[in-house]
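Student: I have a chain open on my screen and I'd like to get behind the labels. Can we go through them together?

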Amino acid sequence: MTLEIAVKAAAGAPELLGDCPFCQRVLLTLEEKKVPYKSLLVNLSDKPKWFLDISPEGKVPVVKFDGKWVADSDVIVGILEEKYPEPSLVTPPEFASV
């Protein structure tokens with residue numbers, strides 16, 4: 001199953017990925033776990049209605065899991081770790097304070 005993820009488009013280049021570290025974190029997690037996904041690039045300066053319908057606060061990233069849109073990169077990465085445990089990207093307890 002291919003996940004849909006709404007991410008920030010680059011300013012002045014709406015066909016390119018923008019500079020949002022939260023979006024990049026989720027995209028890197030998807031790549032490392034080899035989870036298929038489709039990026040939906042969003043111009044945050046002129047948010048389209050479809051995006052505000054799925055993210056009323058207008059924040060990215062937003063990922064569609066089982067028909068429901070989920071926001072917040074921490075929550076998204078947690079769900080990805082739960083649904084796709086291998087390879088584990090959880091920080092080992094002995095390094096948690098580093």
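**Behind the labels**

Tutor: The protein chain has three helices and five strands, where helices (H or I, at least four residues) and strands (E, at least two) are DSSP runs numbered from the N terminus. This is a predicted model, where local features need pLDDT of at least 70 and side-chain atom pairs pLDDT 80 or more, while totals for chains, interfaces and linings use all residues. Residues are numbered from 1 along each chain as its sequence is written, and side-chain values use heavy atoms, without hydrogens and water.

Student: What makes β4 and β5 a pair?

Tutor: Two strands pair if DSSP finds at least two bridges between them. Four bridges join β4 (residues 62–65) to β5 (residues 68–71), so the pair meets that rule. The two strands run antiparallel, and F65 stands opposite K68 in β5. They form a hairpin with two residues between them, and D66 in the turn has a positive phi of about 50 degrees.

Student: Why is K33 called buried?

Tutor: Buried means under 20% relative accessible area (exposed is over 50%, partly exposed in between; 1.4 Å probe, protein chains only). K33 has 6%, so it counts as buried. K33 lies in the loop between α1 (21–32) and β3 (37–42).

Student: What does K33 touch?

Tutor: Leaving out residues up to four places away in sequence, K33 touches L80, E81, Y84, P85, E86, P87, S88 and L89. Contact means heavy atoms within 4.5 Å.

Student: And how much of the protein chain counts as buried?

Tutor: Of its 98 residues, 33% do.
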